[in-house]
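Thank you all for coming. I would like to walk through one model with you this morning, beginning with the overall layout and then moving to particular places in the chain.

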Amino acid sequence: MLSILAAGSVFFPGLFLLSKRCLKHTPGLRWSERDAVIVSARLVSSIQAIMASSAGYIIASSCKDIIEDQHWLTSTYILFAVPYFVYDIYAMFMCYWYKIQVKGHEEEGKGPSVRAAVSSYLRREFLMVLHHVVMVTVCFPVSVFWRQGKGDYFQGVMFLAELSTPSVCLGKILIQYKQQHTLLHKVNGAVMLVTFFVCRVLLFPYLYYAYGRYASIPLYMVPLSVPWHCNLGAALLMAPQVYWFSLICRGAFRLFSGASRTRPPLDKTDSDPEPKATLPPANGYSPRETDTH
């Protein structure tokens with residue numbers, strides 16, 4: 001157990017540092033510290049999501065009995081991924097820190113203090129930080145110890161929720177480089193909308209449906225048949241997903257309704273290469289949000 005935790009503790013921060021170094025020092029790239037940090041953080045999030053989704057597919061497809069069947073990868077990947085949620089709190093703060101170093105402080109020549117930045121970060125990203133803390137302090141012990149080896153199928157299906165993360169990260173990178181007007185941004189926004197809805201919002205109704213089919217009871221009877229803490233846990237995990245999905249829908253509506261309007265051509269004599277009006281973010285999160293994984 002400790003060796004797997006140690007491997008995750010080295011892998012995710014190490015991958016972040018390696019990516020940042022490559023982006024900063026590779027000839028032809030030589031990105032700034034700010035850009036390298038933000039893109040590296042999102043790259044690590046995407047890689048973790050791909051790994052979790054792959055593990056989830058293997059586990060779910062291997063369990064014929066959704067309650068009793070076990071797969072060694074279930075607890076192994078949970079142990080390996082726990083350090084990611086600790087690392088990601090720091091990575092999200094670093095992204096926020098470099099953003100506020102630039103935004104609103106160009107004239108001053110300096111940004112806010114670290115203490116003020118941490119306070120502002122925790123206020124703005126309270127829900128996301130709380131989500132990560134709960135994953136480590138509640139979901140980890142419940143998944144590894146409390147389950148007593150039962151329900152690996154459900155754990156595998158929950159890993160599949162990460163399928164939406166790469167499109168969320170790509171959307172944020174495209175916004176960072178002001179590519180909201182591109183076809184790639186619009187296609188990615190549509191993919192994100194669908195994957196987030198299917199993999200995160202419909203996830204819990206599907207788990208209830210799967211258990212109802214297993215127990216041969218109607219769907220509406222499932223909440224009355226499972227322990228109360230299962231219903232409470234599902235509600236607490238689903239609530240932020242519904243909230244984030246509402247933001248995604250709002251952003252997608254702004255994007256596609258804005259795209260349907262005719263944009264005035266740029267004055268070619270204008271020294272400013274950027275349009276005076278850009279489309280709003282399509283990743284569904286308001287500009288004050290930093291990262292969602």
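In what order do the elements of the protein run from the N terminus on? They run α-α-α-α-α-α-α-α-α-α-α, and the count for the protein is 11 helices and 0 strands, where helices (H or I, at least four residues) and strands (E, at least two) are DSSP runs numbered from the N terminus.

Before going on, please keep in mind that this is a predicted model, in which local features need pLDDT of at least 70 and side-chain atom pairs count only at pLDDT 80 or more, while totals for chains, interfaces and linings use all residues. Residues are numbered from 1 along each chain as its sequence is written, and side-chain values use heavy atoms, with hydrogens and water left out.

As for the whole chain, buried residues make up 44% of the 293 residues in the protein; here buried means under 20% relative accessible area, exposed means over 50%, and partly exposed lies in between, with a 1.4 Å probe and protein chains only. Among contacts between residues at least 6 apart in sequence, 77% join residues at least 24 apart, a contact being heavy atoms within 4.5 Å.

Let me turn to helix packing. Two packed helices are described by the angle between their axes and the distance between the axes. The axes of helix 1 and helix 2 come within 8 Å and cross at roughly 140 degrees, where axes are lines fitted to C-alpha atoms, for helices over the stretch in contact, and angles run from 0 to 180 degrees between N-to-C directions. That angle makes helix 1 oblique to helix 2, given that angles under 35 degrees count as roughly parallel, over 145 as roughly antiparallel, 65 to 115 as roughly perpendicular and the rest as oblique. The crossing of helix 1 with helix 2 is right-handed; a crossing is right-handed if the near helix is turned clockwise from the far one by less than a right angle, and left-handed if anticlockwise. Among the residues that make this contact are Phe11, Phe12, Leu15 and Phe16 of helix 1, and Val37, Val44, Ile47 and Met51 of helix 2. By class, the residues of the contact divide into 13 nonpolar, 3 polar and 3 charged, with Ala, Val, Leu, Ile, Met, Phe, Trp, Tyr, Cys and Pro counted as nonpolar, Asp, Glu, Lys and Arg as charged, and the others, Gly among them, as polar.

The second pair is helix 7 (residues 165-176) and helix 8 (residues 183-201), whose axes come within 8 Å and cross at roughly 150 degrees. Helix 7 is therefore roughly antiparallel to helix 8, and the crossing is left-handed. The contact includes Val168, Leu170 and Leu174 of helix 7, together with His185, Asn188 and Arg200 of helix 8, and has 7 nonpolar, 6 polar and 1 charged residues.

Leaving out residues up to four places away in sequence, Ser46 touches Pro166 and Cys169.

Cys63 sits in the loop between helix 2 and helix 3 and is buried at a relative accessible area of 5%. Its C-alpha atom is separated by 9.1 Å from that of Gly151, 88 residues apart along the chain.

Lys178, in the loop between helix 7 and helix 8, has phi near 55 degrees, a positive value in a residue other than glycine, and at 45% relative accessibility Lys178 counts as partly exposed. Ser216, in the loop between helix 9 (203-215) and helix 10 (222-225), has a positive phi near 60 degrees, and Ser216 is exposed, with a relative accessible area of 67%.
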